[in-house]
Amino acid sequence: MLLNCAQPVNNELCVRVYCLNQMESNRTKPAAKKISKFMLPYLFGILIVAQVAASGGNNSNYAVHHPIITDHTLEAKIAAFEKTGVNKKINIDYDVEEVIEYATSLIGTPHVMGGYSPAGLDCSGLVKLVHEKSKVELPRSSHDQARYGTILSSGEELKRGDLVFFHSTYKKSHLVTHSGIYLGDNKFIHTSASRGVIISTLFDDNYYEKHYLFATRLER
C-alpha cells in the first residue's frame, strides 16, 4: 500500500493518494504493477514536497513586532539619540529583495574591523556595501546608519529589509554599536566579530534580544 489513508481524508495530498490507492486496488495485478511502476516515483515526489513544505513553512508567517522598551535608562538614551537627528530619508527608491540577495551571497565573509569589501566586512560595512550596490547612500558607521529611516514604534511589525540596531555589543561611547538587516521569520543577517557574515535569530537568542535597540525602515 502506498500510504495509509484510513484516517479521515482532510487534505489535498491525502485525497490524491487515497484515490490512487483505490484505483490500484480495483485493477488486476498486472495493471496494478504497471501503475505502481509509473506512479510510485510521482507519489514519492509529492510526499517529499509536502514534507519539505511542512517543515520549512512552520515559521513562514512568523510575525515579529518591535518590543516595548522597559529599561528606563535605555529609553532615555534613545530619546537623547533621537534629539540629535533621526528619521532621515534615503536618496532613491530601491528593491529590498535585491539588497537581501546580495547580502546573503556574502555569508561566510570574514569579519574585519573597518572592512568594506567582499574580502572582509564589519557590521556597518555589510549594511552600507549591500545598499550601495542598489545606489542607496548610507553612512559608514552603525551609529549614523541608525539615523536613516523611520524608527519603528513599539508593537509595529518588522518587515524584510528593515535595518536592526543594537547597543552595548562592545565598549563604545556611542549608543548604537551593531547593525544588521532583517530577513523575516525572526532572522537577520549581520557580521559577527567571531563568525563573519551570518544569519542569526533576533528575539529567541538571549544575546541579541538583550542588546536589541530598535529597527528602522528606509524611505525616500
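These questions and answers look at aromatic rings, a nonpolar core and confidence in a predicted model.

Reader: What makes Phe81 and Phe214 an aromatic pair that is tilted?

Author: Their centres lie 6.0 Å apart. Pairing needs centres within 6.5 Å, so the two rings pair. Stacked means under 30 degrees and edge-to-face over 60, so the pair is tilted. Phe81 sits in helix H3 and Phe214 in strand E8, 133 residues apart.

Reader: How do you know whether Phe214 is buried or exposed?

Author: Its relative accessible area is 1%. Buried means under 20%, so Phe214 is buried. Phe81, at 5%, is buried too.

Reader: Why is the pair of Phe188 and Tyr208 called edge-to-face?

Author: The planes stand at 80° and the centres are 5.2 Å apart. The cut-off for edge-to-face is over 60 degrees, so the name applies. Phe188 belongs to strand E6 and Tyr208 to helix H7, so the pair ties together parts 20 residues apart in sequence. Both residues also belong to an aromatic cluster that includes Phe166 and Phe203.

Reader: What makes Lys133 sit over the ring of Tyr102?

Author: The charged end of Lys133 is 4.3 Å from the ring centre. The distance limit is 6 Å, and the charge must also be within 35 degrees of the ring normal. Tyr102 is also in contact with Val130. Val130 is one of the residues that touch the most other members of the largest nonpolar core.

Reader: Which stretches have pLDDT under 50?

Author: Residues 1-25 do. Residues 27-60 are also below 50. Where pLDDT is low, the predicted coordinates should not be read in detail.

Technical notes:
Residues are numbered from 1 along each chain as its sequence is written. This is a predicted model: local features need pLDDT of at least 70, side-chain atom pairs count only at pLDDT 80 or more; totals for chains, interfaces and linings use all residues. Side-chain values use heavy atoms; hydrogens and water are left out. A nonpolar core is a set of buried Ala, Val, Leu, Ile, Met, Phe, Trp, Tyr and Cys residues joined through side-chain atoms within 4.5 Å. Buried means under 20% relative accessible area, exposed over 50%, partly exposed in between (1.4 Å probe, protein chains only). Contact means heavy atoms within 4.5 Å. pLDDT is the predictor's confidence in each residue, from 0 to 100. Helices (H or I, at least four residues) and strands (E, at least two) are DSSP runs, numbered from the N terminus. Lists of a residue's contacts leave out its neighbours within four places in sequence.
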